[in-house]
Amino acid sequence: MVMPTGTSPILLVLLLCWVAPSGQDVAPVQLRLEGPRGPAGEGRLEVLYQGRWGTVCDDGFDFHAATVACRQLGYTAAITWTHSATYGQGEGPIWLDNVRCGGNEGSLAECVHNGWGISDCHHGEDAGVVCSGQRLPGSSPQATSGHLGEVLGLSLEEVRLKPILARAKLSMPVTEGAVEVKHNGRWRQVCDANWTKNNSRVVCGMLGFPREKQINTSFYRKLWNRKLKDSNSSLNTLIQKNSFWVHKVQCQGSEPHLARCPIHVAPPAPRQHACPHGMHAIVSCLPGPAFQKGTGKGKSKSKASPGKVLPVRLRAGTHPGEGRVEVLRHGEWGTVCDKQWDLTAASVVCRQLGYGTAKQALVGAQMGQGLGPIHMSNVQCTGHERTLGECRFQNAERSGCKHEADAAVRCHMPHMDFKSQVRLAGGRNPEEGVVEVLVPVQGRLQWGAVCGAQWGLNEAMVVCRQLGLGFASHALQETWYWAGSPDATRVVMSGVHCAGTELALQQCQHHGPVHCPSGGGRFSAGVTCTAHAPDLVMNAQLVQETAYLEDRPLGLLYCAHEERCLSRSADQMQWPYGHRRLLRFSSQIHNLGRADFRPRMGRHAWTWHQCHRHFHSIEVFTHYDLLTLNGSKVAEGHKASFCLEDTNCPEGLQRRFACANFGEQGVSVGCWDTYRHDIDCQWIDITDVPPGSYTFQVVVNPKHEVAESDFSNNVMRCQCKYDGQRVWMHSCHTSDAYGADVVSDLERRERLASNLV
């Protein structure tokens with residue numbers, strides 16, 4: 001705009017005010033929430049402008065802006081807002097940047113912003129909102145796509161099967177029945193008009209089942225007609241309550257949620273006929289192997305081609321059915337990059353594992369960072385794949401992904417009612433106490449205590465998981481300070497032995513007749529649970545790269561001998577003359593969990609070692625063993641935790657633990673502790689070991705003194721060749737880094753090589 005000659009600045013301001021539209025003149029814009037959703041009312045915020053959907057940058061976005069957005073979407077208020085593409089990265093333009101609202105605006109377009117499409121952001125900065133579940137009176141969502149969940153404010157997080165047959169009512173989980181959805185506190189039934197197999201597949205996925213099962217509806221139709229004629233039947237009561245008004249659900253079968261299926265909704269009317277020319281929709285689901293009765297039954301046989309079957313697993317999740325996604329490819333486990341990671345791909349993972357569809361597709365390493373290769377990026381699935389390997393994807397090397405972008409999932413799980421079969425009593429808070437279980441005693445269910453003998457962390461982990469409390473931080477064999485429930489003083493379970501992966505304590509091995517010499521009472525089992533736990537993993541590659549031999553004079557080994565870091569034959573030597581042959585190496589131990597790794601004992605209980613002049617916070621932090629190929633131990637060593645600290649952290653994380661000046665010890669989340677090859681006891685004494693082929697093994701936290709989310713990756717093994725003068729270390733890997741077939745093949749080849757020699 002060119003200012004005319006002689007125009008005063010005041011006049012210019014008046015002209016600008018006249019040109020700029022007021023808040024009342026701003027055209028209303030349409031909003032929607034997208035991305036992997038949890039409950040209704042949360043997601044990535046998107047705006048429709050000039051016929052195109054785009055996102056909102058998180059720069060300047062705050063609670064006031066979230067409040068305006070939630071009210072515009074028809075909700076009463078905002079709970080919070082999210083940044084950094086919490087609900088996944090959007091596509092298309094970024095319409096709004098530096099949005100500043102007062103909180104009372106009627107539309108997001110009325111707020112101050114840079115201007116439509118003017119932004120210096122990328123989609124990694126997409127903003128999201130979490131709105132309250134309550135709707136404003138008389139409001140309806142702006143999206144008019146006809147999706148269930150976007151009509152009449154219907155929340156579809158609650159979908160269930162109402163069992164009709166007697167056998168279905170007795171089964172757990174419920175796998176067959178009439179489909180019901182909840183609206184305004186009341187359950188409504190769905191009619192079967194144009195009901196398809198794809199609809200059943202989506203419903204089963206939401207209920208935690210990987211697939212649907214064929215069902216004979218003729219029996220149900222006869223039962224429906226019979227009840228329709230009976231004026232006193234429950235069916236007629238449902239008709240009077242207007243319970244049938246969801247019609248013609250049309251799913252493709254790939255939807256992770258019923259809310260994404262187009263439907264027809266009939267407006268509730270008094271004395272409306274229930275499902276004209278039809279009946280209620282009946283669905284039968286097939287549970288995953290972990291939820292079927294009988295061992296080994298129901299394991300699905302994948303129809304995918306062998307080259308595309310990539311096994312998957314979940315790591316570091318607080319609850320069953322959630323965690324960081326890891327894929328076994330080329331014989332090695334690795335993670336998945338979160339680029340284009342969405343609910344469809346996450347649902348393929350969940351179904352492959354025997355769960356339902358995905359509740360959430362998590363990005364940004366929200367379940368912790370992995371270690372090792374990143375196998376997949378830009379994963380694109382149709383939703384009908386049986387395994388993740390059938391989806392289109394790129395090799396992560398081309399995408400520049402790092403472990404900060406590891407993908408994770410939360411899956412829908414079947415309702416098993418395990419939580420009602422165990423409880424904690426007497427603790428200072430709901431996360432701790434004496435373990436009490438509900439088991440059949442002489443033909444009736446009775447609450448009782450668990451014998452504390454042989455009780456350990458694996459058993460405690462199962463209890464915390466069963467209660468939905470995450471991981472066990474302590475397993476107590478004596479509970480002197482916790483008083484159990486008066487109705488559960490009797491010991492009803494003893495000799496409990498769990499693998500740690502069971503979903504309920506009742507699934508673990510235990511004595512038939514109860515045998516508890518300590519008698520329970522103050523010797524009953526107890527637990528302390530925590531939502532998050534650390535997870536220590538050894539860097540196997542560093543061990544392989546730094547291993548070497550050293551002949552060290554005895555005169556330099558007095559302190560190491562005092563700490564028992566040498567073989568027993570060292571006791572018989574003529575000190576200080578002679579030397580010991582040491583296999584030395586560096587170790588780097590990463591904390592991949594979601595909580596700091598801290599010593600179990602407080603600093604007041606640490607042990608001072610005068611010779612080395614340092615404290616030991618954990619007496620044995622790692623075990624080092626040299627094994628023959630058949631597993632016999634030929635040499636051993638150990639490393640006490642004289643200094644647990646953050647030696648290094650990735651960019652953006654601050655070191656928090658350091659040993660200097662009697663400081664706090666521990667390993668922070670994402671950081672690692674390094675023990676260099678040139679410090680005492682960082683070795684195995686192999687002076688007495690003859691030449692040959694061996695297995696070198698390192699076990700971190702061997703006595704499980706500190707609880708972790710996953711103990712399966714605490715063991716690191718290498719193949720070791722020693723010719724009497726030199727040593728070769730190769731094929732180093734953590735115990736869960738490779739598939740079982742790769743490990744067995746490595747061991748078989750080593751045995752053959754040894755036999756040939």
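Three strands form an open sheet in the order S27-S30-S35, with antiparallel pairing. Strands here are DSSP runs of E of at least two residues, numbered from the N terminus, and two strands pair if DSSP finds at least two bridges between them. This is a predicted model, in which local features need pLDDT of at least 70, side-chain atom pairs count only at pLDDT 80 or more, and totals for chains, interfaces and linings use all residues. Residues are numbered from 1 along each chain as its sequence is written, and side-chain values use heavy atoms, leaving out hydrogens and water.

- Three bridges join S27 to strand S30 (residues 587-591) in the antiparallel sense.
- Opposite Met-538 you will find Ile-589 in S30.

**Glu-322**

- Strand S15 (residues 322-329) holds Glu-322.
- Glu-322 has a relative accessible area of 8%, so it is buried (under 20% relative accessible area, 1.4 Å probe, protein chains only).
- The Glu-322 side chain reaches the backbone nitrogen of Thr-318 at 2.9 Å.
- Leaving aside residues up to four places away in sequence, Glu-322 touches Leu-314, Gly-317, Met-367, Val-409, Arg-410 and Arg-594, where contact means heavy atoms within 4.5 Å.

Conventions
Helix = DSSP H or I, 4+ residues; strand = E, 2+ residues; numbered from the N terminus. Buried < 20%, exposed > 50% of the residue type's maximum accessible area, 1.4 Å probe, protein only. Polar contact = N/O pair within 3.5 Å; in protein donor to acceptor, adjacent residues only side chain to side chain.
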